Every structure is written in structure tokens, then in C-alpha cells.
Amino acid sequence: MSVEVVRLGAHIGARVDGVRLGGDLDARTVAAVRAALAEHKVIFFRGQHHLTEDGQYEFARRLGTPTTPHPTVTSAGAKSLAIDSQQTRSNVWHTDVTFVDRVPKASILRAVALPSYGGSTTWASTVAAYNSLPQPLERLAESLRARHSNRYDYAAEIEQRPADTDRDYRREFESTYFETEHPVVEVHPDTGERALLLGCFVKEIVGVSSSESRALFRLFQDRITRLEHTTRWNWELGDVAIWDNRATQHYAIDDYDGGEHRRLTRITLAGEVPVGVDGTTSTVLAGDADPYTAAPLEHAA
């Protein structure tokens, strides 16, 4: 195959043409996909109409080790997690599953059903955000640690929605409590780049008051979501997105009405325990993620 990588922005995003995704991809094409992902943080493929859940899973195995679909949401299936507007809408900035110690390496998302308008997704580069920090803020961020939990404030809004499916999803999401302390700046295990590790699952910044924690979180989180650090993808059926979960956050834009249906399937690749600039690793405070991921444990605290 002739692989063409089309850059979408200075800091993040590229479209990859000339690739038919599947478990039969040759080693050279797999290497090209990995290289594009490392450079651009999120990459997109059009026209993958042939891909089924099984094909998506077999392709994921060419890139890494798939996890179970989710640490707590186990009712959706054995291979993939359905991102379905009839269950919930993830319209907050987040890095996937940061409430466990082994933060996932990457995710592969496939469009299955789309609204007739809206429903795009935006990604932000947490590497570009770190690189944009003035030196005093770099040093501050590198000295901080944050506690992440799967019981997060915005989910309380779900209780106010009329649909029982929203409330049921939240209760399953929180059915087992997880809490992990991560460095605010992670050293990427493959590229050596430094990235901000934050998002909506942050419960608090360690060692400061609640008001100071909120201020520090906002200071660095706002740096991540600057428009210059983002790329936005308008989905079409047959599209597949792959993102480096250790170098990005994302936000599913809730700009379509309730009668419209949006469904995508996500397969996640196992990652390692994050390591801070000073060499310290993340620490588990609650929950056992072993059933979720088969990732190597050599970096575990």
C-alpha cells in the first residue's frame, strides 16, 4: 500500500490515506501507522466501510494489546466499548481511564451510526500544552501530583436527566471505585516527550487546599485546550480515529438533538504506569485494574 499522511495542524492531527485497516496489514504499513501516530498524536482514516468489530479488534492487536472494554462498564460487550448517545454523552475534556494506574496507550474509534448534523470530536495535544508553558510553570507542573477518580463532579449532571439509561450508565461506571495518584507531567514511554496528565477525572491536586487545587487545575487544563493545541474531526460513516492516549485529551461535542443517534465503537490498547520527570511512578489508592488490562507491570509502584 502507498501510505500518505496529510497534516491537519501544526501541533496535532493527520489524515492517513492509502490504508485498508484490518488484521492482515503488513509490517511496513503498521510501522507507518505507528510513526504517524507518534508524530501527530491523533490520526484519521476515511472509507473503512469494510471494518467490523472483529476486524477492528484484529487491527488493534497489530498495534498493541487490547484491554477489556472498560474497568467498570462491562455490560456493553467483550471486545469493544460502545460510545452511544442513547446511554451517555462524554462532552467533557478527558484522557481515557486515568483513574487506573496503567493509563491506556491508545484507542481505536470506529463510526457506526452518526447524527445528521453535529457530533464531531475534538482532540488536544497535552505535549504541545506542556511545550507552551513558560519555564516557571514547567517547573511547577513537574513538581505536582494529582489524584484521579471515576467519581467525578460532572457526572452528577446525569442524575438530573430524565432518561433512566443515563443514570444506569453512571451507576455502572461508578460500580467499583478507583483512585490513582499520577504525576501532573508524564514522560512519554516511547517518544520521551513530556505531557500534561489531567482531564475531568482529576479529583484534586495533592498537597494544597481545595481552592488552590481548583486554581492549579484550571491553570494547566486551560493550557491544554487552547484552540492552537487542538484539531476537530467531522465524522463520516466508515471513519476510524486512532489517538495516543498518553499525549492527548478529547471532547465529544454535544451539538445534536436528542432524536439523533450517535454510536461509535472503541477498542483500547493497554499501557504502562506513568512516570514523572523525577522518575517517580503513579500510585494506586483504590481499586484493582488487573482484570482490565494485561499491560506489563515492571513500572508499577
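Reader: Is Leu109 buried or exposed, and at what relative accessible area?
Author: This is a predicted model. Leu109 sits in strand S5. Buried means under 20% relative accessible area. Leu109 is therefore buried, and its relative accessible area is 6%.

Reader: Which residues does Leu109 touch, beyond those up to four places away in sequence?
Author: Contact here means heavy atoms within 4.5 Å. Leu109 belongs to strand S5. With residues up to four places away set aside, Leu109 touches Gln56, Ile83, Trp235, Asp239, Val240, Ala241, Trp243, Leu264, Thr265 and Arg266.

Reader: How far apart in space are Leu109 and Arg246, C-alpha to C-alpha?
Author: In sequence, 137 residues separate Leu109 and Arg246. In space, their C-alpha to C-alpha distance is 16 Å.

Reader: Which side chain makes a polar contact with the side chain of Thr265?
Author: Thr265 lies in strand S15. Its relative accessible area is 6%, so Thr265 is buried. A polar contact of 2.8 Å links its side chain to that of Gln56.

Reader: With which residues is Thr265 in contact, leaving aside neighbours within four places in sequence?
Author: Strand S15 holds Thr265. Leaving aside neighbours within four places in sequence, its contacts are Gln56, Ser80, Leu81, Ile108, Leu109, Arg110 and Val112.

Reader: Which residues of helix H2 are buried?
Author: Helix H2 covers residues 53-63. An α-helix has 3.6 residues a turn, so residues three or four places apart point the same way. In H2 the buried residues are Gly55, Gln56, Tyr57, Phe59, Ala60 and Leu63.

Reader: How far does the backbone nitrogen of Gly55 lie from a polar atom of the side chain of Thr52?
Author: Thr52 is in the loop between S3 and H2. Gly55 is one of the buried residues of H2. The backbone nitrogen of Gly55 and a polar atom of the Thr52 side chain lie apart by 3.1 Å.

Reader: What is the relative accessibility of Thr52, and how does that class it?
Author: Partly exposed runs between the buried limit of 20% and the exposed limit of 50%. Thr52 has 45% relative accessibility, so Thr52 counts as partly exposed.

Reader: How far apart in space are Thr52 and Thr265, C-alpha to C-alpha?
Author: Thr52 is found in the loop between S3 and H2, and Thr265 in strand S15. They are 213 residues apart in sequence. C-alpha to C-alpha, the distance is 9.9 Å.

Reader: Where is Lys41, and what is its phi?
Author: Lys41 is in the loop between H1 and strand S3 (42-45). At 3% relative accessibility, Lys41 is buried. Lys41 is not a glycine, yet its phi is positive, at about 75°.

Reader: What phi does Val97 have?
Author: Val97 lies in the loop between strand S4 (81-84) and S5. Its relative accessible area is 3%, so Val97 is buried. Although Val97 is not a glycine, its phi is positive, about 55°.

Reader: What distance separates the C-alpha atoms of Val103 and Ser282?
Author: Along the chain, Val103 and Ser282 are 179 residues apart. Their C-alpha atoms are separated by 9.7 Å.

Reader: Which side chain does the side chain of Thr29 join in a polar contact?
Author: Thr29 is found in helix H1. At 3% relative accessibility, Thr29 is buried. The polar contact is 2.8 Å, and its partner is Asp26.

Reader: What radius of gyration does the protein chain have?
Author: The chain holds six helices and 16 strands. For 301 residues the globule rule gives 19 Å. The chain comes close to that, so it is as compact as a globular protein of that length, with a radius of gyration of 18 Å.

Reader: What share of the contacts with a separation of 6 or more comes from residues 24 or more positions apart?
Author: Buried residues make up 53% of the 301 residues. Among contacts with a separation of 6 or more, residues 24 or more positions apart account for 84%.

Terms used: Residues numbered from 1 in each chain as written. Predicted model: local features only at pLDDT ≥ 70, side-chain atom pairs only at ≥ 80, totals over all residues. Heavy atoms only, no water. Helix = DSSP H or I, 4+ residues; strand = E, 2+ residues; numbered from the N terminus. Rg over C-alpha atoms; globule rule 2.2 N^0.38 Å. Buried < 20%, exposed > 50% of the residue type's maximum accessible area, 1.4 Å probe, protein only. Polar contact = N/O pair within 3.5 Å; in protein donor to acceptor, adjacent residues only side chain to side chain.
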